[in-house]
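Hello,

Here is the structure I promised to pass on to you. Have a look at it first, and then read my notes below.

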Amino acid sequence: MSLRTMLGCVALVLLSWSGCAAKQGAEKGGAEERREELGGLTEKEFQALHELKAEAAPPRKGQMLEIAGARAYLSLPEHARPPIPGVLVIHEWWGLNEHIMHWADRLAAQGYAALAVDLYGGKVAATPEEAMAAMKAVDAKRSEEILEAAHQYLMTASRVQSTRTGVIGWCFGGAWSLRAGMTIPELNAVVMYYGRPVLNVDELKTIKAPVLGIFGTKDESIPNDVVEEFDEALADAGVAHRILKYDAPHAFANPSAPGRYDAEAAAAAWEQVKGFLEENLKR
């Protein structure tokens, strides 16, 4: 992805900053009942995690690591033995927060070694202004180094030893998920949720893995014509791909996004993601 394209993503995200994620909700009632094993995490159960105050959030299933000098969160399936298919997890513009760790645990419950990376140097934004500043400060070369090191960890760590790997990200992380597909040829699956697409066919030709792109038709930051152009560019580049569109706004898969989260669309997209990862990482 060119620097110009990344800067375009930054500018467009301003149009929908409230949709990338939001602070966790305030309702504490029923918190004890929700502190259950994550299991397969249905959409309803996943949504419930975001209705809790931070102090009532369920315990994490994974552990914090350091990858190439950066924070990372690794969540492994219970009782799984290597080799375990691995998934790189890339955060939204808020940073590596509890929401993204919930996603890593959710993926682990599906049988994947989920490694969530931190591209913000330890910063977790609490306001849109902080998020925008953190995103603008991202060093592309440094981020690529972190992602490549994280991918190597999945393949070589004795408790993981992934022989097949994928990447998933949302918004800012969706754009970086696509970029990971362009720079890490060993990947076997790329999932991008409403990330700013790359439209340059020559750049897209470097992608070896199949791509699953998930977008909302009501997303003001990524118009439908851009999504269609992305679809055509992937085809022209010879990249195996599938583009899914849902009648929903930006950030519709994030239960922390008030006014934008669409449970029905999120559940439908998650089913597609599960099938896509199963097909490409567990075969």
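Accessible areas here come from the Shrake-Rupley method with a 1.4 Å probe. For the protein chain, the accessible surface comes to about 11,900 Å², and carbon and sulfur atoms account for 49% of that. Please keep in mind that this is a predicted model.

Now for the overall picture. The protein chain has 283 residues, of which 55% are buried. Its secondary structure comes to 11 helices and eight strands. If you take the contacts between residues at least 6 apart in sequence, 73% of them join residues at least 24 apart.

Next, the inside. In soluble globular proteins, nonpolar side chains tend to be buried together. In this model, the largest nonpolar core has 53 residues, and those with the most contacts inside it include Trp 93, Tyr 153 and Phe 230. Leaving aside residues up to four places away in sequence, Tyr 153 touches Leu 65, Ile 67, Leu 74, Leu 115, Arg 159 and Val 160. Apart from this core lies another one, of 39 residues, with Leu 96 and Ala 265 among them.

Finally, a pair of helices to find on your screen. Helix H7 (residues 140-156) packs against helix H8 (residues 172-183) at an angle of about 70 degrees, and their axes are 11 Å apart. Angles of 65 to 115 degrees count as roughly perpendicular, so that is how H7 and H8 lie to each other. Where they meet, H7 contributes Ala 140, Ser 143, Glu 144, Leu 147 and Glu 148, while H8 contributes Trp 176, Arg 179, Ala 180 and Thr 183. Four residues of this contact are nonpolar, two are polar and three are charged.

Enjoy exploring!

Definitions and conventions
Residues are numbered from 1 along each chain as its sequence is written. This is a predicted model: local features need pLDDT of at least 70, side-chain atom pairs count only at pLDDT 80 or more; totals for chains, interfaces and linings use all residues. Side-chain values use heavy atoms; hydrogens and water are left out. A nonpolar core is a set of buried Ala, Val, Leu, Ile, Met, Phe, Trp, Tyr and Cys residues joined through side-chain atoms within 4.5 Å. Buried means under 20% relative accessible area, exposed over 50%, partly exposed in between (1.4 Å probe, protein chains only). Contact means heavy atoms within 4.5 Å. Axes are lines fitted to C-alpha atoms, for helices over the stretch in contact, and angles run from 0 to 180 degrees between N-to-C directions. Helices (H or I, at least four residues) and strands (E, at least two) are DSSP runs, numbered from the N terminus. Angles under 35 degrees count as roughly parallel, over 145 as roughly antiparallel, 65 to 115 as roughly perpendicular and the rest as oblique. Ala, Val, Leu, Ile, Met, Phe, Trp, Tyr, Cys and Pro count as nonpolar, Asp, Glu, Lys and Arg as charged, and the others, Gly among them, as polar.
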